[in-house]
Amino acid sequence: MTEIPIGHVGVVISYVGEDGVDISGTEFKHGNIVEKGFKGVWNEPLGPGKYPLNTYVQKIELVPTTNLVLNWASARSESHQLDKNLSTITVRSKDGFPFNLDVSQIIHIPNYEAPKVIARFGNMNNLVSQVLEPTIGNYFRNSAQDSDVISFLGSRAERQDTARKYIAEVLNQYNVNAVDTLIGYYRDWE
């Protein structure tokens, strides 16, 4: 029996069966999504519960459907461990001063979008390393280069709001909802 815990859906990847017709649509060009029972990524994820699945011919990728917090903060990780390889972002201001920035990103993946996320990335760790990590790190590094340290530190609320909007636009392209972007505290600038 395969168990899907509460707060998750299980996206089924079937390695056997007839080839199904891709039902992902013409806009989605990142893999095939098929009806239940065919070979490929099934379009309907399994909800919480226990299922009699043959794990030799089917793989289940768990996708959290609750809000998920990812921390860019050294030595701080959530229980899901998706952010265990993320660390504090080091940025450099326009006037050349490096400082460290702790950031938290809250995301949500609707259950109906979970198959697209898995078809595109394969698993949740790849989503974090291939999209979230570079998008958020680069956004804040680029943002810091546009102002001096004092201006950057003094405009936290505005920077947080601008970051939230930009990151939401980017993540929307990957079938992920950005709930909020939070700037923690600044430290270690010289």
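How many positive and negative side chains does the protein chain have, and how far apart do the centres of the two sets lie? There are 17 positive and 22 negative side chains, and the two centres are 2 Å apart. The model is a predicted one.

**Overall layout**

The protein chain contains four helices and ten strands. Along the principal axes, the C-alpha atoms fill a box of roughly 60 × 35 × 20 Å. The protein chain has 190 residues, of which 43% count as buried. Among contacts with a separation of 6 or more, 71% are between residues 24 or more positions apart.

**Nonpolar cores**

The largest nonpolar core has 41 residues, and Leu 127, Leu 132 and Phe 140 have the most contacts inside it. Helix α2, residues 124–145, gives the most to this core, with nine residues. Another core lies apart from it and has six residues, including Val 12, Val 34, Leu 46 and Ile 60. In soluble globular proteins, nonpolar side chains tend to be buried together.

Leaving aside residues up to four places away in sequence, Leu 132 touches Leu 70, Trp 72, Gln 105, Ile 107, Leu 127 and Leu 171. Strand β7 spans residues 68–72, and four of its five residues are buried. Strand β9, residues 98–108, is joined to β7 by five bridges in the antiparallel sense. In this pairing, Trp 72 stands opposite Val 103 of β9.

**Helix α1 and strand β2**

Helix α1 covers residues 114–121 and is mostly covered, with seven of its eight residues buried. The buried residues are Ala 114, Pro 115, Val 117, Ile 118, Ala 119, Arg 120 and Phe 121. Their cover includes β2 (8–14), β3 (33–34), β4 (40–42), β6 (58–64) and α2. Just after α1, Gly 122 has a positive phi of about 90°.

Strand β2 is largely enclosed by the rest of the structure, because six of its seven residues are buried. Seven bridges link β2 to β6 in an antiparallel arrangement, and Ile 13 stands opposite Lys 59 of β6. β2 also pairs with β4, again antiparallel, over two bridges. Here Ser 14 stands opposite Gly 40 of β4.

| Strands | Sense | Bridges |
|---|---|---|
| β7 and β9 | antiparallel | five bridges |
| β2 and β6 | antiparallel | seven bridges |
| β2 and β4 | antiparallel | two bridges |

Is Lys 29 buried or exposed? Lys 29 counts as exposed because its relative accessibility is 66%, and the cut-off for exposed is over 50%. This residue is placed in the loop between β2 and β3. Between Lys 29 and Ile 13 there are 16 residues in sequence and 17 Å in space, taken C-alpha to C-alpha.

Technical notes
Residues are numbered from 1 along each chain as its sequence is written. This is a predicted model: local features need pLDDT of at least 70, side-chain atom pairs count only at pLDDT 80 or more; totals for chains, interfaces and linings use all residues. Side-chain values use heavy atoms; hydrogens and water are left out. A nonpolar core is a set of buried Ala, Val, Leu, Ile, Met, Phe, Trp, Tyr and Cys residues joined through side-chain atoms within 4.5 Å. Buried means under 20% relative accessible area, exposed over 50%, partly exposed in between (1.4 Å probe, protein chains only). Contact means heavy atoms within 4.5 Å. Two strands pair if DSSP finds at least two bridges between them. Lys and Arg count as positive and Asp and Glu as negative; His and the chain ends are not counted. The place of a charge is taken as NZ of Lys, CZ of Arg, CG of Asp or CD of Glu.
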